[in-house]
Every structure is written in C-alpha cells, then in structure tokens.
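Here is a quick tour of a two-chain model, written for someone who likes cut-offs spelled out. Have a look at it first.

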Amino acid sequence: MSDRVRLPVFAVALTGLLGLVLWGFAGLPDFGDYAGPYGYILNRVAVPERSTTDVVTAVNFDYRGFDTLGEEFILFAAVVGVASILRKLRGERTRPPDDDAAGRRAPLTSLTVRVAGLGLVAPTILVGIYIVGHGQLTPGGGFQGGVILATALLLIYLSADYMTMRAVGPLGVIELAEGLGGAGFALIGLSGLVAGGAFFQNWLGKGTVGDLMSAGTIPLSNAAVGLAVTGGFVFMLSEFLQQTLTRRRDHRRRRRARRSR
Amino acid sequence: MSFLPYAVAAWVMGVGLYGIVTSRDLLHMVICLSVMQSASYLVLLSIGYVKDAQAPIFADVPLSTRAVDPVVQALTLTDVVVGTTVTALLLALAVQTHKRYGTLDPQELRPGREHVDG
C-alpha cells in the first residue's frame, strides 16, 4: 500500500478506534475513585493472613499464584520461541567476529567501560538477590530481581565480549536455571495439594510479619521465579548475541554481487 | 481533571499505532508496539488509583492506611512480562527477516523478493 493511501485509511480506522476507546473509558470509574471491593479487602486481610507487607506480591504469588504460573509459562514459551526462531539454519555458520575485515583489528573496549562494567557486576548481583529475597516485604520479587540478575551477565558482555560472557555463564547452566526455576515454581504449587489443600495453597508457617523468613511459600516462589527469569533472560540475550557471530555462507558473495551491479 | 490519565493512555496508544502504521523499519515497529502496550499499564494503574492513598505496601505504615488497589498492580506486572516476551519474539523474527530479505523495511518485503540461495 502506498503512503498516500495508507494515511487516509489509517485516519478512518483511528477515528473508529478512538470512538470505541472513549466509549469504553466513559464506563470506567473517575481517576482516584476506585470503588473496590477486592483491592480494599485484600489490603485489609493480606497482612494478617499471609504475613506479607507487600500486598502486590501476596496477590501474585499466593492469591493469584495459579495465574502467575501461566505468566511463567508465557516467559518459558517465549524463550523456546526465540531459541527456535534463531536456531542455526541450513547454510549458516558461526564465524569469529573479525572475519569480515581480515587484517583490521576491532578496537578494544575502552578501559573506562571495562573497569566500570566489571566493578558493577558484584553490586548488581547483590541488588538482584536483595530484590528477589525481599519480595514479600517491599516492592520487588522474582520477576524484577531476575531481570536485574540477568543484567549482571550483560555487564560482563559489555566490559569484555560475548565469548567471556558464555564462559562465565555457560549455556547449559543457564538452561538448567531456567528449567529448575520454572519446574520449582510449579512444584511449589503442587506441594499445596500434597499438604492437603488447594493448588498454590500457602501451607508453610507464616512467621512474623516483617521478617525475611516470613509469608510461607511466597519467598520460595519468588526464589524459583527469580531463577527462571534470570535463566530465561540470559538465554534470550545469548541467542541474540550469538546472531552477531552467525552469517549465511553466501553473505559476502552476495554483498559483492550487489556492489558490482 | 479526573479523566486526564485515561486521555494520556488513549494518546499513547494512538501515537504507538501511528508509529506502527507509518514505520519503515521493523525494529522501529517493534518499539512502537511496546509504546502502544504501555497504554495498558496506564489504564490498569489508573483504574485502581485511590485519591490521597499510598502504595499497597504496609512495611512501615499502620494497616489502616488507605492504599490503592493491589490487584491491578499485580496485573500490570503480568502485562510487563507479556510485553517483554512479545518484544523478544518479534525481534527474533526481525533478525530472520533481515537474513532472508536483506532489509528491515516492511515496504520491501514482498513475496519473491527473498534471496534465493542457501
């Protein structure tokens, strides 16, 4: 479709869509006038019932634990999807990074980036573990902390190179972390059934409100999800970075042919 | 001004959609989809907002404090995760598209224009 046709068609469609959106928004409560009741009920009962001080985490890993398992599987499906879309195709080969410009050396990463990047790795891991571990007390949890932990490995890539990152976090270990985390979270859900309750029943001792080891199965779920998210993100990042080393065999021939055309 | 957050959400969705429709680059298009999706975070959080209330974290405030709805905040977390996974999958498809067609311009992607080789 040419640009001249596209914009008028889009304008018509947008007008219709905007009408529908405004119609829908007209039925929403006024901003700041949340009517409840579920949010208000949860804010009253979650702390005494589950010993968590972060009600959002209580919703995610306890009251709505089953939905979060689905969310976890969405992430898992995406990891599998990225791996299969970016798999090595026929005619592709992995080449060393300097193959395209033989005789020319790629400039090394600057010393500042290397020092700053490597210096940040340990603090990043610490913050990540802290965020995963305190999910039941303060904002955070497995998803947020897992992404921070994955960043630590990306910092190694930034300050060294892809091969070093692979050496620090071998793909086998990463896949194991992703699998163990996902399976662990599902098993925590099943343990509720074994303990005689419902799927994702929080059957462990709740402890004292505000303690690091409180809220029953919620910290365990956060740890499992944190492991799965770290593994999943590092795996997806590795797959993309691996692509920079993958070329179709005829790549250079094709480029030369295009230039001579 | 109680409608303002909803208006912002509608606007964010609109500009994201405009970006997708006029995009000449698949990476740009994927980012536009992320922008469009962030409108849903705004709608979710706005629905659960309570005037003069605090976040639903009771770590150092009494239990009787007025707090906003935690359910929509938990849903927003799910929303963010879904958004990330969609972005990752679309970027992977963009990589493969570039390998096959040698371009990221959606206008250039027509059947028969892929590189026949391999």
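Residues are numbered from 1 along each chain as its sequence is written, while chains are lettered from A and ligands numbered from 1 in the order in which they are written.

On to confidence, with pLDDT being the predictor's confidence in each residue, from 0 to 100. Chain A averages 83, and 89% of its residues reach 70 or more. Within chain A, helix α5 (residues 111-133) has the highest mean at 91, and helix α10 (residues 251-260) the lowest at 52. Where pLDDT is low, the predicted coordinates should not be read in detail.

Chain A has 10 helices and 2 strands (DSSP runs numbered from the N terminus: H or I of at least four residues for helices, E of at least two for strands). From the N terminus on, the order is α-α-α-α-β-α-α-α-α-α-β-α. Of its 261 residues, 35% count as buried (20 or more other C-beta atoms within 10 Å of a residue's own, with C-beta atoms placed from the backbone).

Most residues other than glycine have a negative phi.

| Residue | Phi | Loop in chain A | Other C-beta atoms within 10 Å |
|---|---|---|---|
| Ala215(A) | about 75 degrees | between α8 (171-194) and α9 | 32 |

How many residues of chain A are in contact with chain B? The count is 45, against 42 residues of chain B (contact means C-beta atoms, placed from the backbone, within 7 Å). The largest share of chain A's side, 8 residues, comes from α4(A). By class, that side has 25 nonpolar, 10 polar and 10 charged residues (Ala, Val, Leu, Ile, Met, Phe, Trp, Tyr, Cys and Pro count as nonpolar, Asp, Glu, Lys and Arg as charged, the others, Gly among them, as polar).

Over in chain B, helix α1 (residues 4-22) and helix α2 (residues 26-47) pack at about 165 degrees, with axes 8 Å apart (lines fitted to C-alpha atoms over the stretch in contact, angles running from 0 to 180 degrees between N-to-C directions). α1(B) and α2(B) are therefore roughly antiparallel, the word for angles over 145 degrees. Their contact has 17 nonpolar, 5 polar and no charged residues.

Key
This is a predicted model: local features need pLDDT of at least 70, side-chain atom pairs count only at pLDDT 80 or more; totals for chains, interfaces and linings use all residues. Two residues are in contact if their C-beta atoms, placed from the backbone, lie within 7 Å. Angles under 35 degrees count as roughly parallel, over 145 as roughly antiparallel, 65 to 115 as roughly perpendicular and the rest as oblique. A residue is buried if 20 or more other C-beta atoms lie within 10 Å of its own, exposed if 12 or fewer, and partly exposed in between; C-beta atoms are placed from the backbone.
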